[in-house]
Amino acid sequence: MSEIVYLNGDFIPEEQALVSVEDRGMLFADGVYEVARAYGGRFFLLDQHLERMQESARLVRLPLPSAAELRAAMQGVLQRNRMADASVYLSVTRGHAGPRSHVLPTEAHPTVFAAARPTPVPDPRSIQEGAAAISVPDRRWHMCHVKSIGLLLNTLAKQAAVEAGAQEALFVRDGVLTEGSATNAFVVLNGQIWTHPSGPHILSGITRDVLIEICQRDGIPLRQEGVLLSQLYAAQEVFVSGTNTEVLPIVRVDGRTIGEGRPGAVARRLLDALHRYVATSIQ
Ligand code: PDD
């Protein structure tokens, strides 16, 4: 049975979901997206994902359909594919607007697409033993807080990581760690957690927000400040967070061992706390 996806108001088999070659998503990567996670048939923090999409869209002047329609699309693909645990993708592009033009169309015909897919979770060994990462220069634009479908530099960074036998790439801008190719990054230095401040150089992750909330709640010292790559190499722990990744310990960066070369106590504690947070918030 083929997968059912949502496209512009219809739930249809994936192979029938066709978009114009003149879609501005195709021509200009003119669109925004979200990835939200469902556990046991219920979404985790879907409102926060929809709010972030609204903010992304506002920043690039993209008129969005109502939150109710977007929510129904995401819930619909989950239910129609009878999935309980899934990673649900939602994108809205500025749609088909006639011949290619850099000028924004006056009338909006957005293309709305949603699909539910098995969650690409990290492999259990890297959670257990820790994962490897490489650092890459952050040459992305200065609007990384927009969850734009224009992800070419993120994909090239991830590909470089995979080709180096690593699981994630960590972006470094002006010597400072910003985030991962599809994750936010955290560094434990002198018993304190450091993570890059929100702003135009990172995507402010929903998982990152939850981890910050947990740290505040549990009195775990956390600073939203940048860390130099040289400091990262000497850190006690490094870990990354994301909707699909949850919390993943990083035990090697650029071939150098981080801390004791195995997942640290802070990452383990936060992963456990995140699981408990998920369990209570999806009830
Ligand atoms: N990516 N930073 C970047 C660049 C990301 O692409 C993501 C998520 C995150 C973490 O955000 P959150 O905790 O809200 O998932 C940070 C999604 C999962 C993706 O592109 O598939």
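Just after H3, arginine 82 takes a positive phi of about 50 degrees. Helices here are DSSP runs of H or I with at least four residues, strands are runs of E with at least two, and both are numbered from the N terminus.

The model is predicted: local features need pLDDT of at least 70, side-chain atom pairs count only at pLDDT 80 or more, and totals for chains, interfaces and linings use all residues. Residues are numbered from 1 along each chain as its sequence is written, and side-chain values use heavy atoms, with hydrogens and water left out.

**Exercise 1.** Compare the span of H3 with the expected one, then list its buried residues.

*Solution.* 
- Take residues 67–80, which make 14 residues.
- The expected span is 1.5 Å times one less than the number of residues. That gives 20 Å.
- From first C-alpha to last, H3 reaches 20 Å, close to expectation.
- Now apply the burial cut-offs: buried is under 20% relative accessible area, exposed over 50%, partly exposed in between (1.4 Å probe, protein chains only).
- Leu70, Ala73, Met74, Gly76, Val77 and Leu78 are the buried residues of H3.
- An α-helix has 3.6 residues a turn, so residues three or four places apart point the same way.

**Exercise 2.** Describe the lining of the largest cavity.

*Solution.* 
- On a 1 Å grid over the protein atoms alone, a cavity is a set of points where a 1.4 Å probe fits but cannot get out; lining residues have an atom within 4 Å of a point.
- The count is 3 cavities of 30 Å³ or more.
- The largest has a volume of about 90 Å³.
- Its lining includes Ala36, Arg37, Tyr39, Ile206 and Leu274.
- Strand S3 (31–39), helix H6 (206–218) and helix H8 (265–281) each supply at least two lining residues. S3 gives the most, with 3 residues.

**Exercise 3.** Which strands give two or more residues to the lining of the second largest cavity?

*Solution.* 
- This cavity holds about 50 Å³ of space.
- Among its lining residues are Gln236, Phe239, Pro249 and Ile258.
- Strand S13 (237–242) and strand S14 (246–253) are the elements that give two or more.

Key:
On a 1 Å grid over the protein atoms alone, a cavity is a set of points where a 1.4 Å probe fits but cannot get out, and a pocket is an open set with protein on both sides within 12 Å along at least five of seven lines; lining residues have an atom within 4 Å of a point. Grid points are joined across faces, edges and corners, and a volume is the space filled by probe spheres set on the points.
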